[in-house]
Amino acid sequence: MKTKLGVIAAAALLWGGTARAELVDRVAAVVNRDIITLSEVNQRAAPELARLAGEKDARRRADQRAQILKQSLDVLIAEKLIESEIRELGMTVTPSEVDEAMADVRKQNGVEAPEQFEQLLQREGYTLKSYREFLGKQIARGRLMQMKVGPKVKVSEEDLKAAYAQYSKLEGGEAEVHARHILVSVDPKAPQEQVDAAQKKAQAIAEEARRPGMDFASLARARSEGPSAEDGGDLGFFRRGVMVPAFEKTAFALKEGEVSEPIRTNFGWHVLKVEERRSVGVAPFEELRAKLEQQLRQDKTEKYIDQYVQELRQKSSVEVKI
């Protein structure tokens, strides 16, 4: 009686190269003696590739897909190199260490019952066994990085002060505006006559809002068709880079108390009033010290890990097939 594997082998012999290509997973790369398959690359790239679904430009989509696949393959190669180094150094992780890590994961996710934890893992594509293997590898990698990279990661007082100076330069004196708006809603695909009618209505509201003594918040409650109408059209304080460009440009050009001409966005026509402008100060150095140090350590760690992986790659046999 032929086994299933025997049937496949016989089919490959009969049909030649075409059948072989269909039945055997393509090799994407060989790292020393470890193989990375194309299916592994596609699986690793899947979350990023899913985001390309909305890209309508075929050429751009193809370029982005190629870039994502290359990045995913590079990550897999790095993992294989690190795993090879772990084996060479004889580093091991005990079951009790994995048990402890599993307990931490359960605690962080607020899961007590084993059945609930298994369901959580299944939603992420893991079995209990495969997740234990994953955690074991993570612990070993972390230990290797601590050994090879950890001693290089040092953050000096000068580093912290330079980072604070850069932060102050970027954030210091940044303006914020407190604005309200009134929306005259119109569909972005509405015919031109509807768009023009909505603009005319918004223009009348703008003129009404400029009347002496007019309370813009009350007018917004009465006339706005947007979700913020109940709050008097209040948008609170916001910085640059938060609102859509046309809206932002007008908001930061207005003086306190000024009312804009109608502004067109995908939601319709907006009449905007700036209530207040203010400059946001930078927190003191000591208050930001811990945050800056954490960020610098993270940045330096990533830099030295990249360098270490490149060193491993140079002394290893890495053959990319795709």
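## Rings and cores: worked exercises

At 30% relative accessibility, Phe134 comes out as partly exposed. Keep in mind that the model is predicted. Let's start with the ring that Phe134 pairs with.

**Exercise 1.** Work out what kind of ring pair Tyr126 and Phe134 make.

*Solution.* 
- Step 1: searching the whole structure turns up six aromatic pairs.
- Step 2: for Tyr126 and Phe134, the ring centres are 5.5 Å apart and the planes sit at 45°.
- Step 3: stacked needs planes under 30 degrees apart and edge-to-face needs over 60, so at 45° this pair is tilted.
- Step 4: zoom out, and ring pairs join Phe117, Tyr126, Tyr131 and Phe134 into a cluster.

**Exercise 2.** Decide how the rings of Phe238 and Phe252 are arranged, and say which parts of the chain their pair ties together.

*Solution.* 
- Step 1: the two ring centres are 6.2 Å apart, with planes at 80°, so call this pair edge-to-face.
- Step 2: place the residues. Phe238 belongs to strand β4 (residues 234–238), while Phe252 belongs to helix α11 (residues 245–253). The pair therefore ties together parts that are 14 residues apart in sequence.
- Step 3: check burial, where the cut-off is under 20%. Phe238 has a relative accessible area of 4%, so Phe238 is buried. Phe252 is at 8%, so Phe252 is buried as well.

**Exercise 3.** Find which arginines lie over the rings of Phe252 and Phe237.

*Solution.* 
- Step 1: go back to Phe252. Arg240 lies over the face of this ring, 4.2 Å from the ring centre.

**Exercise 4.** Describe the largest nonpolar core and say which element gives the most to it.

*Solution.* 
- Step 1: size it up. The largest nonpolar core holds 26 residues, and Ile36, Val41, Leu73, Ile77, Ile82 and Leu144 have the most contacts inside it.
- Step 2: list the suppliers. At least two residues each come from β1 (27–31), α3 (38–50), α4 (58–89), α7 (128–148) and α12 (285–314).
- Step 3: pick the top one. That's α4, which gives nine residues.
- Step 4: follow one member. Setting aside neighbours within four places in sequence, Ile36 has contacts that include Val27, Val31, Val41, Leu73, Ile77 and Lys80.
- Step 5: look elsewhere. Another core, of 16 residues, lies apart from this one, with Ile182, Ala198, Ala202 and Ile205 among them.

Note on methods
Residues numbered from 1 in each chain as written. Predicted model: local features only at pLDDT ≥ 70, side-chain atom pairs only at ≥ 80, totals over all residues. Heavy atoms only, no water. Phe/Tyr/Trp six-rings, centres within 6.5 Å; stacked < 30°, edge-to-face > 60°. Buried < 20%, exposed > 50% of the residue type's maximum accessible area, 1.4 Å probe, protein only. Helix = DSSP H or I, 4+ residues; strand = E, 2+ residues; numbered from the N terminus. Lys NZ or Arg CZ within 6 Å of the ring centre and 35° of its normal. Core = buried A, V, L, I, M, F, W, Y, C linked by side-chain atoms within 4.5 Å. Contact = heavy atoms within 4.5 Å.
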